[in-house]
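Welcome, and please take a moment to look over the sequence and the 3D picture below. We will then walk through the structure together, one part after another.

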Amino acid sequence: ANLSAGDRVVYGGVLGAYATHRNAPAARVLKIPDGISDEIAAASLMKGMTVEYLLERTYKVKPGDKVLFFAASGGVGQIAGQWGKHLGAEMIGVTSGVENCQRALELGYAHAIDRKSEDIAARVKEITGGEGVPVVYDSIGKATFETSIACLATYGMFVSFGATTGEAPAVSPSLLQHSGSLYFTRPTLANYVGPRADLEHSAGRVFEMVLAGHVSVNINQRRPLSEVAVAHADLESGATTGSTVFTP
């Protein structure tokens with residue numbers, strides 16, 4: 001892995017981060033490039049690699065694509081809006097509340113849908129002239145499954161990459177058939193950065209996007225390691241936006 005004592009490093013694909021010291025396999029460790037702080041590296045790597053594989057490999061987003069992304073105000077969602085815009089996509093973000101909608105529009109989204117006051121599928125059909133979108137990125141799961149299906153165009157791809165409201169229901173082949181010959185996939189970062197070469201590629205793209213100024217990472221919460229429980233309660237209640245960083 002070409003590492004030396006004293007290198008500033010970050011690791012990906014290794015479980016366990018709530019510690020002041022950590023042993024990690026060298027094959028999972030990456031050097032932090034000059035120009036990127038430790039905090040930005042910590043806040044951007046996993047979320048950024050998630051966005052990289054979703055937008056550039058699971059479904060390869062093309063210029064002009066209309067893309068629906070749930071949880072636009074979260075750490076992954078904020079990076080996705082900027083990344084998608086850079087790729088030339090017309091990003092449609094789903095979030096909650098006027099303030100979060102406004103923030104989404106500042107972070108690359110061409111449209112922001114307030115799930116608390118708007119009909120998501122109806123707004124998507126309105127934005128797309130009744131066609132629907134070619135891809136939906138859904139990290140919500142159970143609560144948004146039917147909505148995601150309703151937002152897709154013919155041959156659209158449903159990318160289910162999270163389950164904050166519980167697992168999405170089992171998908172019958174006939175549902176995909178009758179909803180427009182759809183594709184359904186449930187990817188996970190672990191597969192996409194499994195081989196060392198893929199890990200380096202994904203992390204390299206993240207650092208490249210940050211250094212070039214195409215993606216900015218918002219660290220909106222900082223807490224000492226002793227307040228882990230409070231941070232998790234905030235996360236579960238939806239009180240956080242952007243990234244949270246723990247300090248020793």
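With which side chain does the side chain of Asp 138 make a polar contact? The partner is the side chain of Thr 144, at 2.7 Å. A polar contact here is a pair of N or O atoms within 3.5 Å; within protein, one must be able to donate a hydrogen and the other to accept it, and residues adjacent in sequence count only if both atoms are side-chain atoms.

Before going further, a word on the model: it is predicted, so local features need pLDDT of at least 70 and side-chain atom pairs count only at pLDDT 80 or more, while totals for chains, interfaces and linings use all residues. Residues are numbered from 1 along each chain as its sequence is written, and side-chain values use heavy atoms, with hydrogens and water left out.

Let us stay with Asp 138, which is found in strand β6 (residues 133–138). Helices (H or I, at least four residues) and strands (E, at least two) are DSSP runs, numbered from the N terminus. The side chain of Asp 138 also reaches the backbone nitrogen of Ile 140, at 2.7 Å. Asp 138 is buried but has no salt bridge, and Arg 186, the nearest side chain of opposite charge, is 9.0 Å away. Buried means under 20% relative accessible area, exposed over 50%, and partly exposed in between (1.4 Å probe, protein chains only). A salt bridge is a side-chain nitrogen of Lys or Arg within 4 Å of a carboxyl oxygen of Asp or Glu. For charge, Lys and Arg count as positive and Asp and Glu as negative, while His and the chain ends are not counted.

Leaving aside neighbours within four places in sequence, the contacts of Asp 138 include Phe 70, Phe 158 and Val 159; contact means heavy atoms within 4.5 Å. Val 159 has its place in strand β7. Val 159 counts as buried because its relative accessible area is 0%. Beyond its neighbours within four places in sequence, Val 159 is in contact with residues including Leu 54, Tyr 137, Asp 138 and Pro 187. Although Val 159 and Ser 139 are 20 residues apart in sequence, their C-alpha atoms are 8.5 Å apart in space.

Now for the interior. In soluble globular proteins, nonpolar side chains tend to be buried together. The largest nonpolar core here has 43 residues, and those with the most contacts inside it are Met 49, Leu 54, Leu 55, Phe 69, Trp 83 and Tyr 137. Such a core is a set of buried Ala, Val, Leu, Ile, Met, Phe, Trp, Tyr and Cys residues joined through side-chain atoms within 4.5 Å. At least two residues of this core come from each of α1, β3, α2, α3 (98–106), β6, β7 (152–160) and α8.

Helix α2 (residues 75–86) deserves a visit of its own. From first C-alpha to last, its 12 residues reach 17 Å, close to the expected 16 Å, where the expected span is 1.5 Å times one less than the number of residues. Nine of the 12 residues of α2 are buried, including Gln 78, Ile 79 and Trp 83. The buried residues of α2 pack against α1 (38–58), β3 (66–70), β4 (90–95), α8 (196–211), β9 (219–224) and β10 (243–247). Just after α2, Gly 88 takes a positive phi of about 95°.

What about charged pairs? Side chains of opposite charge can pair when their charged atoms come close. The salt bridge count comes to 14. In helix α8, Glu 200 and Arg 196 lie four residues apart, about one turn of the helix, and their side chains meet in a salt bridge (2.7 Å, N to O). Arg 205 and Glu 208 form another salt bridge, at 2.5 Å from N to O. Because they are three residues apart in α8, about one helical turn separates Arg 205 from Glu 208. Salt bridges with shared partners join Glu 56, Arg 205 and Glu 208 into one network.

Finally, look at the loop between β1 (9–11) and β2 (29–31), where Asn 23 lies. Asn 23 counts as exposed because its relative accessibility is 69%.
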